[in-house]
Structures are given as C-alpha cells and as structure tokens.
Amino acid sequence: MLRVGGEFDECSSAVARPAAVEQGGRRAAAREAKTKAVVTFARSPLAACLLDLVERRGVAQRTWLRETAAAADAHTLETAFAETSRRVGAAPFALAAAERAALSALGVDWSLDAWGIDDAARAVWLLLVAARAAADLEGLIERRRRAGDARQRAALVRVLPLLPDARQWLAVALEARRGDVRAVLEALVCDNPYPAAHFHEVHFDDLVLAALDADLPLARMIGLGARVTERLATAAARVAASRRASGRRPPQDLWRLGWGVA
C-alpha cells in the first residue's frame, strides 16, 4: 500500500486542523507503520495545501482524494483528472480569508473566485504529475486538451501559471485563445496571470480583442494596464466603430484601453 507522508504539514497554520484530530491521525499512522511498509512521495507545499482545502470541501471523497494523491504513475492521476468533476463536484471553491492568505504565502496571490472545487483538485493532480512523472506531463495535457470536456480544458488553462517552467506551455495557452469555447477563453482571460507574464505583445493584444468580442470583463484581466499599447488602443477603437456601425453598443470596458464609450 502506498501512503504519502507529511500530508498537510506544509499548509499554513491558518488552515490547519484541530490538534486533537492531528494527534489522532499521527497515532493511527504510527500503528499502521508497524505492520505495513510505507513509501513516501515528495509533494510541493502548494499541492499539499490545495489538497487539504479540497478535502475540507469534499469530505465524502476524502479516501479517493488521498488514494489518488498517493499515486506514483501519471495514468492514475490522469484518470482522476477526468473523473474529478463527478467525484467532488463543481461548486465554487469559495476560499475564506485565512485560506486565501495561506495560498498567497505560497505564491498564488491572484483571485481564485472563479475556480470550482474540481479546478483545485485538478491543479493538485497536475502538480503531482509534474513532481513525480514530469516526462508524462506533456502527453497528459495534450490528451486532456483534445479529449477533455470544457471544464477539463478550462482547468488546464487555470493551472498553467502554477506549473514548473510555466512558459513551456505557451502553445497550450495560445490554442485556448484561438478556440471557440467561451468557458476556456474566460479561464485564460479572467483572473489568470499567465498571459501578462508570457504572451508576446501581438498575442496579448489578440487576447484582449477576443475578450472584448466575447464581452468578458477586462477588469479581471491581470496585468492589462501595463500591456496597453498604441496598437492595442487603435484596434480597440476599430472594434468600437464596427459595433456602432452595426447598431450595437461598444464593449463597456473600452475605457480601460484609453477609449471612452459614447
């Protein structure tokens, strides 16, 4: 049997379990260690913290979550990735202030308000593959990008900034920009630091225009203010003119690009 050592120690004390529960867990683990061999896998503090937060919201699936987190092979984690929405549901992740602070201390300092519980669990599975079977991560992402449903593909895009050497997944993000699935485009545009950090000016401008066309809120586009150029403002003006010519109202957020809306 495979177990993961130190499952929740890395998570901030702001979201730690009561001492009595922790002590009971340690005693049970000690008893089990006497009779079973234990294989311990390294896990990043971020993966451990996210898993803890998911468990708190999916208590009925705690056994499944822990068994999956103990897996060493990418196949098991990919299967879990596909099953996650059915297992834990897609209710809002809805972080408390202390939980947001714990994640911010681990580098996740942007809003996860749009995340579902399944998004957070899928982030854990991808982080574990990156840590334990890095050579299999590209294939997993490619298969899920092509065969997964909209929620799976949106989760992939949301998790990109959390992955090691995030820039290597630029092609995945650009493909999401070119796709016609609104949920996936929204996951890239809204509350996602990846485009501002890694997109070339041309690709970033195209993403902003796609967001305008889809009426997505530019207020939730991280880093937009620092990336507005004359080229982008001119293109946005053309969008406004085109809409007015067809009798439609220009996007409400054009003012963020330096253009007023009449």
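**Pocket, cavity and aromatic contacts in a predicted model**

The lining of the second largest pocket comprises six nonpolar, one polar and five charged residues; here Ala, Val, Leu, Ile, Met, Phe, Trp, Tyr, Cys and Pro count as nonpolar, Asp, Glu, Lys and Arg as charged, and the others, Gly among them, as polar. The model is predicted: local features need pLDDT of at least 70 and side-chain atom pairs count only at pLDDT 80 or more, while totals for chains, interfaces and linings use all residues. Residues are numbered from 1 along each chain as its sequence is written, and side-chain values use heavy atoms, with hydrogens and water left out.

**Second largest pocket**

- The volume of the second largest pocket is about 200 Å³, a volume being the space filled by probe spheres set on grid points that are joined across faces, edges and corners.
- On a 1 Å grid over the protein atoms alone, a pocket is an open set of points with protein on both sides within 12 Å along at least five of seven lines, a cavity is a set where a 1.4 Å probe fits but cannot get out, and lining residues have an atom within 4 Å of a point.
- The lining of the second largest pocket includes Arg145, Arg146, Arg153, Glu175 and Asp180.
- Helix H7 (137-147), helix H8 (150-159) and helix H9 (170-178) are the elements that give two or more residues to this lining; helices are DSSP runs (H or I, at least four residues), numbered from the N terminus.

**Cavity**

- The whole structure holds one cavity of 30 Å³ or more, and the largest cavity has a volume of about 50 Å³.
- Among the residues that line the largest cavity are Trp110, Trp115, Arg158, Cys190 and Asp191.
- This lining divides into five nonpolar, two polar and two charged residues.

**Aromatic pairs**

- There are two aromatic pairs in the structure, defined for rings of Phe, Tyr and Trp (its six-membered ring) with centres within 6.5 Å; planes under 30 degrees apart count as stacked, over 60 as edge-to-face and the rest as tilted.
- Trp64 and Trp125 form an edge-to-face pair, because their ring centres are 5.8 Å apart and their planes stand at 85°.
- Trp64 belongs to helix H3 (residues 62-69) and Trp125 to helix H6 (residues 117-132), so the pair ties together parts 61 residues apart in sequence.
- Tyr194 and Phe199 are also edge-to-face, because their ring centres are 6.4 Å apart and their planes are at 85°.

**Charges over rings**

- The charged end of Arg122 sits over the ring of Phe81, 5.2 Å from its centre; the criterion is NZ of Lys or CZ of Arg within 6 Å of the ring centre and within 35 degrees of the ring normal.
- Over the ring of Phe204 sits the charged end of Arg227, 4.4 Å from the ring centre.
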